[in-house]
Amino acid sequence: MKNRGFRERMGFALAGIRDCWRSEKSFRTQSALAGLALVALVVLRPAPVWWAAVAISCALVLALELVNSAVEAVIDRLHPEIHPAIRVAKDMLAGAVLVMSFASLLVAAALVVDSGPRVLGELGIWR
């Protein structure tokens with residue numbers, strides 16, 4: 001992949017995302033949750049900084065999911081037998097995704113606390 005043109009390298013990256021989408025249910029689930037976050041942003045109409053915080057959180061979760069899937073694929077190819085060290089490595093990868101997912105939930109909660117009362121007030125539900 002070294003010294004290839006930008007378009008070709010972009011093609012490799014998009015192929016990786018496509019392959020992860022096709023093979024990993026967790027990536028599809030996280031992508032759907034990112035879509036729900038976008039809907040929440042449209043409904044809540046927060047300040048631009050919230051759009052950035054949510055976008056970065058979602059991107060980090062999806063990026064970690066891609067890394068998790070890639071490393072697991074390499075591990076499974078190189079060492080298909082079940083080994084305690086392999087299990088530990090895979091658990092750590094999954095843990096990284098989980099930690100970022102929880103952090104994203106905290107961002108979502110803070111967004112709702114910050115923007116929710118304003119939206120509810122505009123709807124006449126909250127004073």
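**Pocket and salt-bridge exercises**

The largest pocket here has a volume of about 400 Å³. This is a predicted model, where local features need pLDDT of at least 70, side-chain atom pairs count only at pLDDT 80 or more, and totals for chains, interfaces and linings use all residues. Residues are numbered from 1 along each chain as its sequence is written, and side-chain values use heavy atoms, leaving out hydrogens and water.

**Exercise 1.** Work out which classes of residue line the largest pocket.

*Solution.* Start with the count: 20 residues line the pocket, and Leu33, Ala37, Ser104, Leu105 and Ala108 lie nearest its centre. Next, sort them by class: 16 are nonpolar, four are polar and none is charged. Then check the helices: helix 4 gives the most, with eight residues.

**Exercise 2.** Decide whether Ser104 is buried or exposed, and find what it touches.

*Solution.* Now look around: leaving aside residues up to four places away in sequence, Ser104 touches Ser57, Cys58 and Val61 (contact means heavy atoms within 4.5 Å).

**Exercise 3.** Find what the salt bridge between Arg45 and Glu122 ties together.

*Solution.* Begin with the distance: the closest N and O atoms of Arg45 and Glu122 are 2.3 Å apart (a salt bridge is a side-chain nitrogen of Lys or Arg within 4 Å of a carboxyl oxygen of Asp or Glu). Arg45 sits in the loop between helix 2 and helix 3 and Glu122 in helix 4, so the pair ties together parts 77 residues apart in sequence.

Definitions and conventions. 1 Å grid on protein atoms, 1.4 Å probe; cavity = no way out; pocket = protein on both sides within 12 Å on 5 of 7 lines; lining within 4 Å. Points joined across faces, edges and corners; volume = space filled by probe spheres on them. Helix = DSSP H or I, 4+ residues; strand = E, 2+ residues; numbered from the N terminus. Nonpolar A, V, L, I, M, F, W, Y, C, P; charged D, E, K, R; others polar.
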